[in-house]
Amino acid sequence: MKSLVLEKKDELSLRDFPAIDREEEVLGPRDVRIKLHTVGICGSDVHYYTHGRIGPFVVKEPMILGHEASGVVIETGSEVQTLKVGDRVCMEPGIPDPNSRATRLGMYNVDPAVRFWATPPVHGILRPTCVHPEAFTFKLPDNVSFAEAAMVEPLAVGVHAATKARVKPGDIGVVMGAGPIGLVTALSALAAGCARVYVTDLAEKKLEIAESLSPAITGVNVAKEDVAALVKRHTEGWGADLVFEATGSPKAAAQVFEPLAPGGCVVMIGGQPDPVSYDAGAAMVREARVENIFRYAHVFPRCVAMLSSGAIDVKPLITRTFEFEDSVRAFEIAASAPPADVKMQIELPQ
Ligand SMILES: [Zn+2]
């Protein structure tokens, strides 16, 4: 069966990819072999397709895309204990060096040696099967679908951001950006205890989607309304306890402290390819705490548990599903960034 290959910038094909079969012939004692079921299209996959690079990561050789995945275990290594053939699973796509200093300190996501799916030169998983460590493969409860499970990867970013923010019950949050990551961050902040989350964007349709997710979400169109003034009006002039920057826009990043309450926390989520301005004075007078996140660590089991319990519902974020044979077209559509779409997914033939 074929894989979805980014041949080079702007060129995708569905074709056999013998190199990956050779790479995965061996199943390590603590690995499992997984038949892929559902794969979400991430902004980073689309960015590699349209730009051929993200920052220092450049696509120099054909690369298989995809890193948001769920599937079924079809083979287990000799020492695997927690998984068996037939288990439905989702996978954490970044594999660190288990002995690295970062990993030993518990910060495996910032291990410089981490190998992350669909980040050159590592292949992604829009292909029939993959081999993955047991330690980064998580069993799904029966009531979590493959589609929801393929949302765990983006959701993990929001849950990691809420964890770093140290949300307290009743906090007021602002999430800048109503893209998929902004929306999972808003859901995570609410699940962590926020009383209200203001979600900002320029696109009215995205704000409508945000508000449809929860009565505790208020959409703010920053083309028409000043979010800092609005939040202060609703909080007796105090401001938001937490501000999550999920746009990656330098303009938004320059304004993160404006809606923030004294003693509040800003979490920088959106990637910034270039240095951005930072209002140190505004941060100082608030004694603002600033956190940065890089992907996530230790949150996949929490995400799965919240999907299973209903604490977080990601189903409304899945707006389109494509057959694997249509995956080139799916990427073309995703690259055009339709305003009514949040997450598009691809289902592999079973
Ligand atoms: Zn992703």
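Cysteine 130 lies in strand β11, where strands are DSSP runs of E of at least two residues and helices are runs of H or I of at least four, both numbered from the N terminus. The model is predicted: local features need pLDDT of at least 70, side-chain atom pairs count only at pLDDT 80 or more, and totals for chains, interfaces and linings use all residues. Residues are numbered from 1 along each chain as its sequence is written.

Cysteine 130 is buried, with 25 other C-beta atoms within 10 Å. A residue is called buried if 20 or more other C-beta atoms lie within 10 Å of its own, exposed if 12 or fewer, and partly exposed in between, with C-beta atoms placed from the backbone. Apart from neighbours within four places in sequence, cysteine 130 is in contact with Glu24, Ile34, Leu36 and Ile125; contact requires that the C-beta atoms of two residues, placed from the backbone, lie within 7 Å. Valine 32 is 98 residues from cysteine 130 along the chain, yet their C-alpha atoms are separated by 8.4 Å.

Proline 121 is placed in the loop between β10 (115-116) and β11 (129-133), and the peptide bond from proline 120 to proline 121 is cis, with omega near 5°. Alanine 118 is in the loop between β10 and β11 as well. Its phi is near 55°, a positive value in a residue other than glycine. Most residues other than glycine have a negative phi, and most peptide bonds are trans. Alanine 118 is buried, with 25 other C-beta atoms within 10 Å.

Alanine 118 is also one of the contacts of leucine 65, a residue in the loop between β6 (63-64) and β7 (68-76). With 28 C-beta neighbours inside 10 Å, leucine 65 counts as buried. Asparagine 109 is 44 residues from leucine 65 in sequence and 20 Å from it in space, C-alpha to C-alpha.

At the level of the whole chain, the domain assignment gives domain 1 (3-151 + 314-347) and domain 2 (157-292); such bounds come from an automatic or database domain assignment. The C-alpha centres of the two domains lie 29 Å apart. Seven residues of domain 1 are in contact with nine residues of domain 2. The side of domain 1 that touches domain 2 has five nonpolar, one polar and one charged residues. In this classification Ala, Val, Leu, Ile, Met, Phe, Trp, Tyr, Cys and Pro count as nonpolar, Asp, Glu, Lys and Arg as charged, and the others, Gly among them, as polar.

The largest nonpolar core has 108 residues, of which Cys90, Ala186, Ala189, Val199, Phe244 and Cys303 touch the most other members. A nonpolar core is a set of buried Ala, Val, Leu, Ile, Met, Phe, Trp, Tyr and Cys residues joined through C-beta atoms within 7 Å. Both domain 1 and domain 2 give residues to this core, so it lies between them. In soluble globular proteins, nonpolar side chains tend to be buried together.

Valine 199 touches Val175, Ala178, Gly182, Ala186, Leu207, Ala210, Ile217, Gly219 and Val220, not counting residues up to four places away in sequence. Gly182 and Ala186 are among the buried residues of α6. Twelve of the twelve residues of α6 are buried, so this helix is largely enclosed by the rest of the structure. At 1.5 Å a residue, the twelve residues of α6 (residues 180-191) should span 16 Å, and the end C-alpha atoms are 16 Å apart, which agrees; the expected span is 1.5 Å times one less than the number of residues. Helix α6 is followed by glycine 193, whose phi is positive, near 125°.

Valine 243 is found in strand β16 (residues 240-245) and is buried, with 32 other C-beta atoms within 10 Å. Beyond residues up to four places away in sequence, valine 243 touches Val174, Val256, Pro259, Leu260, Gly264 and Val266.

A further positive phi, of about 55°, occurs at arginine 295, which is not a glycine. Arginine 295 is placed in the loop between β18 (289-292) and α11 (300-309) and is partly exposed, with 16 other C-beta atoms within 10 Å.
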